[in-house]
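Have the sequence and the structure open as you read.

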Amino acid sequence: MVFSSAIFLWLFLPITLLVYYLVPGRLKNLFLLLASLTFYSWGEPKYIFLMMISIVINYFLGLIIDKFNNQLKCCIFVVAILFNIGILMFFKYGAFLIENVNLVFGIELSVPQIALPIGISFYTFQALSYIIDLYRGKIKVQKSILNLALYITLFPQLIAGPIVRYTDIEKEIENRAISIFGIKEGIYRFIIGLSKKVLIADRVAVISDEAFALVSPPCALAWIGIIAYAIQIYYDFSGYSDMAIGLGKMLGFNFNENFNYPYFSKSIKEFWRRWHISLSTWFRDYVYIPLGGSRCSSIRASFNLIIVFFLTGFWHGASWNFIIWGLYYAFFLILERYCGKGG
C-alpha cells in the first residue's frame, strides 16, 4: 500500500484518522500500532512475522543492555548489532554475496531466491539507532514492548522513510499533543508531497523511462532522459518524505526534515547535507564519527569517507552499481577536501 494509492487515500487513511482521533488517549498507541501492522501486512503479509521477531528481540536485548553496566553489557550490545545487521545481510544481500563468491572462487553454491521484505532497510536502521543510543546512555530504555513496536512500525515512515531515530520522538511516543493547527499543517504538507509524487515525479518518469529504453539514444535525448530522471528521483523521494512528515503531524509526531533543496548545493559536501538527510546523518553519527570522522589525519579521514559511502551505496541496493555509485561520491568528496572546497 503506497501513499498515492486509492486504497490508502480513500479507505485506510480516513478510517485510521477518524478512529485515532476518537479513541481515548491511553488507547491511541495500541490502535496506531494495529493500524501500522495492517498497513504493512497489506503489501507484505508473510514478512510481518520477521518484523515482529525483530521487535521482540530488540526489546529484550534493550532491557538487558539497560540492566547491566559491565562487560556483559558490551557483549549484549555486540549481539544486538550483529542480530540486526545479520537480518539485513541475509534478506537483502545474501544472494548478492553468494553470487560474488561463486564468481571469485569459480564454485557453484546455490543462490537462494529470497524476496526482499518491504521497508527492512528503514526499520532495521531505526532498531539499530535505538540500541546504539541506549548503549551510549542517550535515551532511557523503553519498558513497554507496545511502545517500542509502535516506534519501529509507525506506518508514515515505515516503507520509504525518513529514518526516524528513537531519540527524536521518544517523548511523543509517551505523550503527544494533537491540535487543529497540527492537523491542518499535516494535511497541507501531505498534499504538497502527494502533488510532487503524482503530478511531477510520475509524469516525468515517463520521459526518463522512454529515453533509457533506447539502445543508442541521440545525445540530446540522452541528456533529456538524465535531466528528467534527476527531477523524477528528487520529487519522488522528497514527495514521500513530505507525505510522511505530514502524516506524522496529523498523528501528533514531528519528524525531522529529509530534503532541503539539494539541487541548490554549491558543493558535493553540501549536497549530502541536503539530500536524504536522515540517512546521511545516520551514517555520520553511527559510522563516520565513531571511525574518527575528520578529526584525524587526512589519510584516515579519507578512508573514513570511503567506508561511509561504500556503505551508503550498499545500503541503497545489493548491486555493484550502487557500490560504485557510493565510491564515486567518496572520490569527489575527498577531492573537494584536498582542494579546500565544499564548506
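## Pockets and helices

Helix α9 makes the largest contribution to the lining of the largest pocket, with 8 residues. Please keep in mind that the model is predicted. In this pocket there is about 1200 Å³ of space. Its lining is made up of 43 residues, and nearest the centre lie Tyr229, Ile233, Phe237, Trp275 and His316. Besides α9 (219-251), the elements that each supply at least two lining residues are α2 (25-43), α5 (120-136), α10 (268-274), α12 and α13 (320-339).

The second largest pocket has 25 lining residues, and those closest to its centre are Lys269, Arg273, Arg284, Tyr288 and Leu305. Two or more residues of this lining come from each of α10, α11 (277-291), α12 and α13. Here α11 gives the most, with 8 residues.

## A serine in α12

Is Ser302 buried or exposed? Its relative accessibility is 8%, so Ser302 counts as buried, the cut-off being under 20%. The side chain of Ser302 comes to 2.9 Å from the backbone oxygen of Ser298. If neighbours within four places in sequence are left aside, Ser302 is in contact with Ile334 and Tyr338.

## Aromatic pairs

A pair of aromatic rings is described by the distance of the centres and the angle of the planes. In this model the count comes to 49 aromatic pairs. One of them joins Phe3 and Phe8, a tilted pair with 5.0 Å from centre to centre and 40° between the planes. Phe3 counts as buried because its relative accessibility is 5%, and Phe8 does so at 0%.

Another tilted pair is formed by Phe125 and Trp315, at 5.9 Å centre to centre and with 50° between the planes. This pair links distant parts of the chain: Phe125 belongs to helix α5 and Trp315 to helix α12, and the two are 190 residues apart. Both Phe125 and Trp315 are buried.

Technical notes
Residues numbered from 1 in each chain as written. Predicted model: local features only at pLDDT ≥ 70, side-chain atom pairs only at ≥ 80, totals over all residues. Heavy atoms only, no water. Buried < 20%, exposed > 50% of the residue type's maximum accessible area, 1.4 Å probe, protein only. Polar contact = N/O pair within 3.5 Å; in protein donor to acceptor, adjacent residues only side chain to side chain. Contact = heavy atoms within 4.5 Å. 1 Å grid on protein atoms, 1.4 Å probe; cavity = no way out; pocket = protein on both sides within 12 Å on 5 of 7 lines; lining within 4 Å. Points joined across faces, edges and corners; volume = space filled by probe spheres on them. Helix = DSSP H or I, 4+ residues; strand = E, 2+ residues; numbered from the N terminus. Phe/Tyr/Trp six-rings, centres within 6.5 Å; stacked < 30°, edge-to-face > 60°.
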